[in-house]
Structure formats: C-alpha cells, structure tokens
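The sequence and structure are shown below.

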Amino acid sequence: MISEVGTPGRDERDGRVRVGALAPLTPPGWQEAGRHLLAGMELAVREVNDAGGIEGRPLELVVRDTAADPDRAAAAVDELARLGVAALAGEYHSVVARAAAARADALGLPFLCSSAVLDALTEHPSPWVARLAPAQSHGWRIYADHLLAAGHRRIAVAAEPSVYWASGSRVLRDHLAPRGGTVIEVDLRESTPASVCDALVDGRATALLLLAGHPEPAVSIARSVRRDRRLAEILIGAPAGQPEFAAWTRALGDDGAEVPFLRYLPERLGPLGTRVGTALRGRLAEEPSFVAFEGYDTVAVLAEMLRAHGTDRTRIAASWADVSVEGTRGRIRFSRTPDLGVWQWAWAPVQVVDRDPARPGRFRVLRSADAAARYARGDPRR
C-alpha cells in the first residue's frame, strides 16, 4: 500500500518530508496536554524548516487527533502509514500510545513516543518503537521515595479502572511495601467523593493519590477532601501530573496547591531549553508544561534521524542506537533497558513538584532525580 503513494515520508509532488503526529485534541482526551504537545512539535518543525529543512526539503507534520481513544489511534496509524509518512511522533495517553505502538510495530513504521510512560508500551520487544518519557516504574518509584521521606506510610490510591492506573498502583505497592509502606486501594467505580473521604478516615491514611481522570473525577474528589475537616492534615498527590496544567488551578483555586506530581524537567534549563521555553510561552500564551518540551524534543530527534538516514523506514528504525541529540532537557540517547520492549531514553530528568500555596501559579521543586544522581557521583552542585 505504501508504494501507491510514492516514497515513504516524501510527497513526490512537492518534495515535502512528512511525519505523522498523534495527540489528544478533543474530549475525552486531555486537550490541554494535547495542545501543549502539538505546540512543541510545531515549534520544532518551524525551526527545522527555518534552518533549511531536511536536506533542503520542508518538514511537515500530518496531525491526527486521538481523542484518548485507542481504536481511533490505531486507525490513524493505519491512515498515516498509507499516506507514506516516514515516521510517527507524539501521543500523551499511555493506553492510547500502546495501541499506536502495536500498529506501528505491525506495519514497520518508526514511532517515537513523546509522553506516554506505561512500561509495557509494546507486548514484545520492538525495533520500531522508541520513547522519550521515563518509564512509569522509574518515575513513580521516585515519587514513592518522596512520600516515604515526607513520613507517609499509609497511602490511599483512589483509582479508576485502567491498565495505566493499575500499573501505577502496582509500582507503588511493590516499592512501598518492603520499606514499611501500605497502599489502601479505593475503587472509584464504587465510590463517590464523600465515600472516598470516609475510606480515608477508616483506613487512617495520611496521603491520598488521585489515580483518576482530569478534570473529573479528580477535581471533585480533591475539592471534597479539602473541605472535610476530618482530613485537614492529609496530603493529596497526583503522580500522573494533573496539576501541571493551568486548568487544574482554574478548577480548584487554592485547593489545587500543595498537590505533589511528577514533572520531567531539569532543575535548570540550559540555553536551548531556555530559548525554546520562551518561544513556547509565546505560542501558548501561558507557561509551557513539560509536555510541550517533550513535543519539541520528539521532532528534534526525528529531524536529525531523517537528515542522517533519509526517509527509508527500515534505516530510521535501525538507527535508534546511533542517536545523540541535544534536547531541551539534556542530551538524548536511546538504549535497551531491562524489562522494557522499546528503545528508551534512560532517563529524562524527573522532579516531584507542587504548586506554591502562596502563589499557585508558581511551582516548588520537592525532589529532583538530577540532584540525587549528582550526589551519587560526588558532584556537590545543587
């Protein structure tokens, strides 16, 4: 089918090099995340083209909205493959990215996943799929260590049914149990915000983690817990990153502060990250999230691969191990990591942050994997 539309990745009519882009741009997808992801990808495409494109040919994104629907994402991959894109980029939702990765693997289409963290992104090792975001087991263990360091041993998780949330609960339980922690599971299929509060009291939990969709039911649960006098001392957490986006503060106001979440940014951005952050701020008219930086880095990596190896899909997929690209958050290289079936950047920087209760528009860094790694090397810089 690919031969019917000419050379994969290149439109023979105008010489453009095309890359498919997946993002959740409409409900029930997390639209704000999709908008930031796409803004990062589009900025990188513009900069590639301003610098001469791919060997003189313009780079173009062919965007498809996944709407957080795995079937829709798989169909989009089929369509993009027929259109002859050289590679596939993007996606935010882990379950959706897993469906896209399965189709990309079956079709022999290189896929660089931007944001999804689910460890089992593919059912078997794939030469076609690589990922920028840290695996869930890596980032969520760092989050669990933050909870333990803050003195939390009885931790409730209010979880919706999902492979992603179930995987997160398992990572937390497996990491916390040997260290004296207990995970109390609250099934949101059988709960209301009020009954979640009762379960926290009955279980003597000191922390509640929202493993639930945004805005609902996460916002309603957070609001109910904040207003329950019995739970005045409880910590609310959201490891999946719901408070990263401005919609969280718009929905909850001051109740949305002091909710720790995972963010994949370094302690300080370097010159490239600073410049890109300024440009993203102009495009988004708000502070760019880590997801926007992931989008930019995805296209930056693929552009370098296209320059080096052309638009042949097999050559692109065979070159993951050769990648060495300066991204906005550090130098990006891919390797095979134990227990993961994809080529992985190991690892993007990981932070645990929250919104400052004094200034909810400002983030506070509570824990940084970068700092821990430097201390392990004997480097005293903060």
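Which helices and strands each supply at least two residues of the lining of the second largest pocket? In this predicted model, they are helix H9 (271–284), strand E11 (325–327), strand E12 (330–332) and helix H12 (369–376).

## Second largest pocket

The second largest pocket holds about 430 Å³ of space. Its lining is made up of 24 residues, of which Arg329, Gly330, Arg331, Trp345 and Pro349 are the closest to the centre.

By class, the lining of the second largest pocket comprises 12 nonpolar, six polar and six charged residues.

## Largest pocket

The volume of the largest pocket is about 780 Å³. It is lined by 33 residues, and those closest to its centre are Trp30, His93, Trp165, Gly213 and His214. Two or more lining residues come from each of helix H1 (31–50), helix H3 (94–107), helix H5 (163–176) and helix H8 (246–252). Helix H3 provides the largest share of this lining, with three residues.

Sorted by class, the lining of the largest pocket contains 21 nonpolar residues, nine polar residues and three charged residues.

## Nonpolar cores

The largest nonpolar core contains 98 residues. Within this core, the residues with the most contacts are Leu59, Trp140, Trp320 and Phe334. Helix H10, spanning residues 290–309, gives the most to the core, namely 12 residues.

What surrounds Trp320, leaving aside its neighbours within four places in sequence? Trp320 is in contact with Pro110, Phe111, Leu112, Pro127, Trp128, Val129 and Ala130, and also with Leu302, Met305, Phe334 and Trp343. Among these partners is Phe334, itself listed with Trp320 as one of the residues with the most contacts inside the core.

How many disulfides are counted in the model? The count is zero.

Why does Cys113 count as buried? Its relative accessibility is 0%, and Cys113 therefore falls in the buried class, for which the limit is under 20% relative accessible area. Cys197 is also counted as buried, because its relative accessibility is 1%.

Methods. Residues numbered from 1 in each chain as written. Predicted model: local features only at pLDDT ≥ 70, side-chain atom pairs only at ≥ 80, totals over all residues. Heavy atoms only, no water. Core = buried A, V, L, I, M, F, W, Y, C linked by side-chain atoms within 4.5 Å. Buried < 20%, exposed > 50% of the residue type's maximum accessible area, 1.4 Å probe, protein only. Helix = DSSP H or I, 4+ residues; strand = E, 2+ residues; numbered from the N terminus. Contact = heavy atoms within 4.5 Å. Disulfide = S-S within 2.5 Å. 1 Å grid on protein atoms, 1.4 Å probe; cavity = no way out; pocket = protein on both sides within 12 Å on 5 of 7 lines; lining within 4 Å. Points joined across faces, edges and corners; volume = space filled by probe spheres on them. Nonpolar A, V, L, I, M, F, W, Y, C, P; charged D, E, K, R; others polar.
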